[in-house]
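Subject: Structure handover

Hi,

Here is the structure for you to look over. My notes on it follow below.

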Amino acid sequence: MPTPELALVLTATSRNLAGIRERVRNYASACGLPVMAVDDVVLAVDEAVTNVLRHAYAPGKPARLEIIGTVAGDRIVIRVRDFGRKFSPRPVTEAQIQKALTRHQSHGLGRFLMKKCMDSVRYRSVPRRYNETVMIKHISPC
Amino acid sequence: MIPFSLQVQPLGAPGQYVIQVTGALDMKTSQELELACQPLMQKGQGKMILDFSRLEYINSQGLGVLLQLQKQLGTRGGGVVVAGLSERVRGVFETTGVHKVIGVYATAEQARRNDPLFAKE
């Protein structure tokens with residue numbers, strides 16, 4: 001059976017988030033991930049796209065976004081790629097999140113959720129080409 | 001995928017509301033929730049139950065609005081609690097620890113009866 005692939009090229013706008021979640025859900029399910037793991041992948045991609053919308057592009061300007069999914073061995077690899085400003089999200093610890101929550105602040109929650117949902121989250125920037133968030137999750141049986 | 005909608009119901013006492021949130025809370029819809037809450041926050045202390053029994057999905061932006069509401073309302077004796085979380089939405093609360101700083105109840109009615117926020121003064 002051929003390995004399913006995902007290749008979305010979209011306008012980077014929050015109006016596309018619901019559609020992105022649906023496409024990613026269908027893709028992750030087709031890759032054979034258990035339901036809970038599918039939910040994790042959907043949330044992680046949503047958070048990565050939200051980061052792009054918040055940090056890579058100026059509000060209101062048309063911008064491009066790519067979401068690429070592949071399967072490599074027993075891993076699903078999702079790349080969220082933008083062509084805007086470089087941004088370098090710092091890793092966030094559980095202690096930092098708990099401290100923020102006691103002040104009712106949400107700073108870092110998205111990055112924290114991505115880390116919790118995936119086995120690996122990596123950011124990289126290819127100068128004058130693109131920035132991307134690369135997220136990996138192992139496909140374990142139900 | 002259920003479309004996003006909000007339904008606001010007064011609880012009887014001034015400044016107290018139940019807000020039923022349907023669909024998903026993401027970057028786009030969280031802004032809509034925040035906007036809908038702004039005029040309600042001008043009335044009384046501002047005590048809100050967010051009924052999530054029809055909420056399918058929440059991300060960090062949705063949690064951020066809840067925390068912001070709690071922060072703003074808490075300074076004047078008000079606050080926000082949530083009710084009716086699905087397993088998945090509850091999982092996001094528990095993964096982040098947000099359930100430790102915002103009251104979580106099985107139903108809106110339980111929240112109204114049991115949370116100190118809504119105790120008769």
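**Salt bridges between two helices of chain A**

A:Asp39 and A:Arg25 form a salt bridge, with their closest N and O atoms 2.9 Å apart. A salt bridge here is a side-chain nitrogen of Lys or Arg within 4 Å of a carboxyl oxygen of Asp or Glu. A:Asp39 lies in helix α2 of chain A and A:Arg25 in helix α1 of chain A, so the pair ties together parts that are 14 residues apart in sequence. Helices (H or I, at least four residues) and strands (E, at least two) are DSSP runs, numbered from the N terminus. A:Asp39 counts as buried, at 12% relative accessibility. A:Arg25 is partly exposed, at 31% relative accessible area. The cut-offs: buried is under 20% relative accessible area, exposed is over 50%, and partly exposed is in between (1.4 Å probe, protein chains only).

Some ground rules. This is a predicted model, where local features need pLDDT of at least 70 and side-chain atom pairs count only at pLDDT 80 or more, while totals for chains, interfaces and linings use all residues. Residues are numbered from 1 along each chain as its sequence is written, chains are lettered from A and ligands numbered from 1 in the order in which they are written, and side-chain values use heavy atoms, with hydrogens and water left out.

A:Asp46 forms a salt bridge with A:Arg21, at 3.6 Å between the closest N and O atoms. A:Asp46 is in helix α2 of chain A and A:Arg21 in helix α1 of chain A, so this pair ties together parts that are 25 residues apart in sequence. A:Asp46 is buried, at 1% relative accessibility. A:Arg21 is buried too, at 9%.

**The helices themselves**

Helix α1 of chain A covers residues 17-30. Its 14 residues reach 20 Å from first C-alpha to last, close to the 20 Å expected at 1.5 Å a residue. The expected span is 1.5 Å times one less than the number of residues. Which residues of α1(A) are buried? They are A:Leu17, A:Ile20, A:Arg21, A:Val24, A:Tyr27 and A:Ala28. Seen down the axis of α1(A), the buried residues fall within an arc of 135°, so they line one face of the helix. The arc is that of the directions from the helix axis to the C-beta atoms. After α1(A) comes A:Gly32, with a positive phi near 95°.

A:Arg23 is also in helix α1 of chain A. A:Arg23 is partly exposed, at 46% relative accessible area. Beyond its neighbours within four places in sequence, A:Arg23 is in contact (heavy atoms within 4.5 Å) with A:Leu6 and A:Leu8. The C-alpha atoms of A:Arg23 and A:Leu6 are separated by 8.5 Å, and the two are 17 residues apart along the chain.

Helix α2 of chain A runs over residues 35-55. It has 21 residues and reaches 30 Å, close to the 30 Å expected. α2(A) is mostly covered, with 17 of its 21 residues buried.

**Where chain B meets chain A**

24 residues of chain B are in contact with 30 residues of chain A. The area buried between the chains is about 2,200 Å², and carbon and sulfur atoms give 63% of it. Buried area is the accessible area (1.4 Å probe) that two parts lose on being put together, summed over both. B:Met27, B:Tyr57 and B:Arg88 supply 26% of the area that chain B buries against chain A, more than any other three residues.

How many salt bridges does the rule find across the interface of chain B and chain A? It finds 2. A:Asp40 and B:Arg88 meet in a salt bridge through their side chains (3.2 Å, N to O). α2(B) gives the most to the side of chain B that touches chain A, with 8 residues.

Leaving aside neighbours within four places in sequence, its contacts include B:Asp26, B:Tyr57 and B:Asn59.

**A network in chain A**

The structure holds 15 salt bridges over all chains. One of them joins the side chains of A:Arg64 and A:Glu66 (2.6 Å, N to O). A:Arg64 is partly exposed, at 41% relative accessibility, whereas A:Glu66 is buried, at 13%. Salt bridges that share partners join A:Arg64, A:Glu66, A:Arg79, A:Arg81, A:Arg124 and A:Glu132 into one network.

Best wishes
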